[in-house]
Amino acid sequence: MAPTTTLPAGSGKAGAAGPASVTGRPPASARSHPARALACAAALAVLLGGGLAGCKDPNTPAAGGSAPASSAAPGGKAGAPGSALAAAGQLTVKGRAPKTGYSRDRFGPAWSDTDHNGCDTRDDILKRDLRKTTFRDGAKQCIVTAGVLADPYTGTQITYKRGASKVDIDHAVALSDAWQKGAQQWPDTKRRDFANDPLNLLAVDSSTNRRKSDGDTATWLPPNTAFRCAYVARQVAVKKKYGLWVTSAERDAMRKVLGGCPSERLPTG
């Protein structure tokens, strides 16, 4: 055992020997100086294995308790009520199911007229997203023959010409991704409605869309960074509407993007 070093009485140092260590009362030299007295009292409390009343560390949990957990998203941002960020945190998180059994046909015929307006869904979206549009059928304004697209994925202008187009209609939440996250359990009618829902559809640059394939937020984002908040908010809105789940990596990627735009609202169509 190492030898004990005895310090002079009244030195004020933690561990000092002398009257303070026996009677619990600081020496006279400490009593004459408040700051020194406090230091002596603190040292005494430590030696006696206790603490000073009223000096408990507010960050230290009570005995037998635990520190409160934060419910906020990574980075301390949970999102305001009604925001895309808040909605992302409410999505169900599960693992990706097998792709077994998937085919495009499982979502019904391509571009059905589900809203019964006499125009197929593809032309509905072209009419919504293009500018300077012309139509084959004049007053009916259904079959789009030409127009100009401000492509959200690349931030470029694309001239659309029917039959020689560089424009695709993309499912923001890819059909294959939906299949692996809940849609394989749906009835055929719900899958058809999902595939034709304007909320899930965007007119975009065809080559960029094909590079996306069936990626989710964790694996693909538009190269146009200015559109990423709106794009991820749309994916959240679609998954919320249809009850599709997300993987943990996908949820974290959604929160990361939307954390930079916490006031971004969910789109409605």
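Reader: How many helices and strands does the protein have?
Author: This is a predicted model, in which local features need pLDDT of at least 70 and side-chain atom pairs count only at pLDDT 80 or more, while totals for chains, interfaces and linings use all residues. Residues are numbered from 1 along each chain as its sequence is written, and side-chain values use heavy atoms, with hydrogens and water left out. Helices (H or I, at least four residues) and strands (E, at least two) are taken as DSSP runs, numbered from the N terminus. On that basis the protein has 10 helices and 5 strands.

Reader: What percentage of the residues in the protein is buried?
Author: A residue counts as buried under 20% relative accessible area, as exposed over 50%, and as partly exposed in between, using a 1.4 Å probe and protein chains only. Of the 269 residues in the protein, the buried share is 38%.

Reader: Among contacts with a separation of 6 or more, what share joins residues 24 or more positions apart?
Author: A contact is defined as heavy atoms within 4.5 Å. Among the contacts with a separation of 6 or more, the share from residues 24 or more positions apart is 64%.

Reader: Which residues have the most contacts inside the largest nonpolar core?
Author: A nonpolar core is a set of buried Ala, Val, Leu, Ile, Met, Phe, Trp, Tyr and Cys residues joined through side-chain atoms within 4.5 Å. The largest one has 20 residues, and helix 4, strand 5 (201–205), helix 9 and helix 10 each supply at least two residues of this core. Helix 9 gives the largest share, 5 residues. Those with the most contacts inside the core are Y153, Y231, V232, V236, M254 and L258.

Reader: How are the planes of the rings of Y153 and F227 arranged: stacked, edge-to-face or tilted?
Author: Rings of Phe, Tyr and Trp (its six-membered ring) pair if their centres lie within 6.5 Å, and planes under 30 degrees apart count as stacked, over 60 as edge-to-face and the rest as tilted. The structure holds 12 aromatic pairs. In one of them, the ring centres of Y153 and F227 are 6.2 Å apart and their planes stand at 50°, so the pair is tilted.

Reader: Is V246 buried or exposed?
Author: V246 lies in the loop between helix 9 (228–242) and helix 10 (248–258). Beyond four places in sequence, V246 touches L91, T92, V93, K94, K239, R251 and M254. Because its relative accessibility is 0%, V246 counts as buried.

Reader: What covers the buried residues of helix 10?
Author: The buried residues of helix 10 are E250, R251, A253, M254, R255, V257 and L258. The elements that cover these residues include helix 4 (84–88), helix 6 (175–179) and helix 9.
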